[in-house]
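Work through the exercises below with the sequence and the model open. Each task is followed by its solution.

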Amino acid sequence: MEAKSKGLLVVFSGPSGTGKGTILKAYLERHPQARLSISATTRAPRPGEQDGREYYFVTREKFLEMRAENALLESAEYCGNFYGTPRAPIEAWLEEGHDVFLEIEVQGGAQVQKLEPDSVGIFILPPSIEELARRLRGRGTETEDVVQNRLAAAKRELCAAEHYTYAVVNDTVEAAIEKIDWILGAERCKVSRNRKFIEGVLNHD
Ligand code: 5GP
């Protein structure tokens with residue numbers, strides 16, 4: 001029997017407030033075989049967030065220990081807190097053939113794309129900066145100081161689109177999902193991902 005092909009590692013980034021979380025949630029509901037990595041973070045849970053669901057909420061000491069043990073694929077400091085991607089579940093899922101999404105900020109995104117050149121970098125863009133500011137305020141869970149801080153970070157992050165292969169504008173969730181389907185469909189068709197299949201065809205008597 002033909003070996004099951006490995007899943008795609010998808011680095012999914014974009015400024016805070018672009019709606020990348022909403023897009024991903026809808027995408028994952030539609031593609032139950034895909035997996036979302038759960039990050040470790042030192043930031044405090046927001047109302048409604050649960051340990052082990054949105055994040056693993058850990059102390060700074062625990063985070064540094066995980067990083068020292070090489071248990072994180074990447075890590076970054078963002079707005080005063082640490083965030084990192086646990087390595088083990090990702091490797092297992094990819095081997096099992098699941099596509100794995102990392103919803104991470106751009107410093108971490110750059111680290112993963114350098115370490116794993118086969119990963120697929122997708123950058124989500126807001127339709128406009130006005131819309132981005134509106135969405136950040138609309139969340140209603142942050143103080144104005146935090147909103148201003150995040151808007152400034154978002155503007156800096158927009159410059160990082162340059163380091164990603166694909167840009168998807170979040171006009172509507174539906175349209176964004178359709179574009180992600182095209183991107184991953186094209187990625188699966190790359191010759192570099194189909195060498196075993198091609199060899200099989202060539203060696204068939
Ligand atoms: P938030 O605090 O709003 O949940 O996330 C802040 C930023 O950290 C977002 O851009 C989010 O994508 C990013 N982030 C979440 N988990 C990770 C991670 O494991 N690594 C990195 N580098 N960024 C992360």
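**Exercise 1.** How many bridges join strand S1 to strand S7, and in which sense do the two run, parallel or antiparallel?

The model is predicted: local features need pLDDT of at least 70, side-chain atom pairs count only at pLDDT 80 or more, and totals for chains, interfaces and linings use all residues. Residues are numbered from 1 along each chain as its sequence is written, and side-chain values use heavy atoms, with hydrogens and water left out.

Step 1. Locate S1 at residues 9-13 and S7 at residues 100-103; strands are DSSP runs (E, at least two residues), numbered from the N terminus.
Step 2. Count the bridges: four join S1 to S7, and the strands run parallel. Two strands pair if DSSP finds at least two bridges between them.

**Exercise 2.** Describe the surroundings of the ligand.

Step 1. The ligand is surrounded by 16 residues (a heavy atom within 4 Å); Tyr55 and Tyr83 are among the closest.
Step 2. Strands S5 (72-78) and S6 (81-86) each supply at least two residues of this shell.
Step 3. List polar contacts (N or O pairs within 3.5 Å). A ligand nitrogen lies 2.7 Å from a side-chain N or O atom of Glu74, and a polar side-chain atom of Glu105 is 2.6 Å from a ligand nitrogen.

Note on methods. A polar contact is a pair of N or O atoms within 3.5 Å; within protein, one must be able to donate a hydrogen and the other to accept it, and residues adjacent in sequence count only if both atoms are side-chain atoms.
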